[in-house]
Amino acid sequence: MPNLINRLLPPTPLARRLSAQSVLFAVGEGVFLTGNAVFFTHIVGLTAAQVGLGLTIAGVVTFFLAVPLGRAADRVGPKRMWAVGALLEAVLYVAYPWISGFAAFVAMVVLLELVGAAGGAGRGAYTLDVFDGKDRIQSLAFMRSALNIGFTLGALLGGLALATGSDDVIRAVPLVTAVILGLNAALIIRLPDAAHDADESTAKAPVGPGALRNKAFLALHVCTGVMSTNQVLLNIVIPLWLVQETDAPRVLLAWLFGTNTVLAVALQVRAARGSDTVPGALRAIRIAAGFFVASCLIVLVTHDTIGWATILLVWLGHVTVTGAELFESAAAWGFSAELSDPDRRGEYQGAARLGETVGRVWAPAAYTFLAMTWGAMGWLTIAAIVIVAAVAAHPAAHAAQRYLARQQSRTPALG
């Protein structure tokens, strides 16, 4: 029994603390995200188009500042940047109930995106710094599972708030989020320092070229961005397909999302095994591509099936695309861990975010058009896009590995 319990827990005390922090953070975010559409339209008084435009503006601003924010995390220390980002996010949520009008909404979501990106760069650099190669990927997998647990709990709390139908309760939800995220910031501050959490007075700019000079690393993360469009299938395309193109009951959507959450919690650690090397991460990319393609092939036939056959196949298509999600996540962690300059982890986190955004930003519109307009040929086109990305990831990863080796070999001479 003790051995079984140990296998179900993160491998180190620090990984357990970070997993607990992940649950707390996700509960706080999940409470608000569940009802944010109602809050924006019913409380703030925005139209759906205004909400979409504001979020797009925030995404564009963050896209252009991702690398500078990552660079800042390297200069001030990853834990410090993470903690400051978490604290500022909590403060912004305190102000949320009092915003009014489109301009204030845009200012708020832009600031939230920026502090979230800054904190995310710090968090990513910190977790790569504090874990060694043996425990790193397994610990990240446990943290991802913890996030899924937290978002589920947060969604339940947010759903209870919506069920009251009270404007006062809905208006108080951001304050609940602020309190939880404030506790999250306190937990981060109490974490041990990472290797690069030097005092600002002693921090020095890293020697050598920046992350944007590593074109192969950027290309690789464009590929992983394409692979991460499994989320577009999970959250947009398959639900739309189910409603508009099949005879499956709409209540099946709840079961699909429930299945995805359970599998993500139960299998993420297992899926991440072996992804702590570049060859292992490439193997995970191939498996992810296989699951992704299988999902496309399974779902496309449900246009012509009926009854229980449709229900079973749509469910199976959702399970296989969940498999793509689990293995793609593991591969992305492996690439970030093994192919980032250790002295520029924050900057490389920003560059990875930049590449992945390019790889996936077009997918919601493109995949929806392909599947809903072209039908079977559209699904085959989506599968082909994923195969191309998975194939291209291999030379990109090897080139990024060679680039990093050359830079590391030159570092002593530069010093």
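User: Is Glu 356 buried or exposed?

Analyst: A residue is termed buried under 20% relative accessible area, exposed over 50%, and partly exposed in between (1.4 Å probe, protein chains only). Glu 356 has a relative accessibility of 16% and therefore counts as buried. Arg 360, at 33%, is partly exposed. The model is a predicted one, in which local features need pLDDT of at least 70 and side-chain atom pairs count only at pLDDT 80 or more, while totals for chains, interfaces and linings use all residues. Residues are numbered from 1 along each chain as its sequence is written, and side-chain values use heavy atoms, with hydrogens and water left out.

User: What do Arg 360 and Glu 356 form?

Analyst: In general, side chains of opposite charge can pair when their charged atoms come close. A salt bridge requires a side-chain nitrogen of Lys or Arg within 4 Å of a carboxyl oxygen of Asp or Glu. Arg 360 and Glu 356 form such a bridge, their closest N and O atoms being 3.9 Å apart. Both residues belong to helix H13 (residues 345-360), with a spacing of four residues, about one turn of the helix. Helices here are DSSP runs (H or I, at least four residues), as strands are (E, at least two), numbered from the N terminus.

User: How many salt bridges does the rule give?

Analyst: The count is nine salt bridges. One of them joins Glu 325 to Arg 144, with an N to O distance of 2.9 Å. Glu 325 lies in helix H12 (residues 307-339) and Arg 144 in helix H6 (residues 136-164), so this pair ties together parts that are 181 residues apart in sequence. Glu 325 is buried, at 4% relative accessibility.

User: Which residues does Asn 260 touch, leaving aside those up to four places away in sequence?

Analyst: A contact means heavy atoms within 4.5 Å. With that exclusion, Asn 260 touches Leu 234, His 318, Thr 322 and Glu 325. Asn 260 lies in helix H10 (residues 252-272) and is buried, at 11% relative accessibility.

User: Which residues are linked in a network of salt bridges?

Analyst: Arg 71, Arg 344 and Glu 347 are linked in this way. Between Glu 347 and Arg 344, the closest N and O atoms are 2.7 Å apart. Glu 347 is buried, with a relative accessible area of 2%, and Arg 344 is also buried, at 7%.

User: How many helices and strands does the chain have?

Analyst: The chain has 15 helices and zero strands. Its radius of gyration, taken over C-alpha atoms, may be set against the globule rule, 2.2 Å times the number of residues to the power 0.38. The chain gives 21 Å, close to the 22 Å of the rule for 415 residues, so it is as compact as a globular protein of that length. Along the principal axes, the C-alpha atoms fill a box of roughly 70 × 50 × 50 Å.

User: What percentage of the residues of the chain count as buried?

Analyst: Of the 415 residues, 50% count as buried. As for contacts with a separation of 6 or more, 86% are accounted for by residues 24 or more positions apart.
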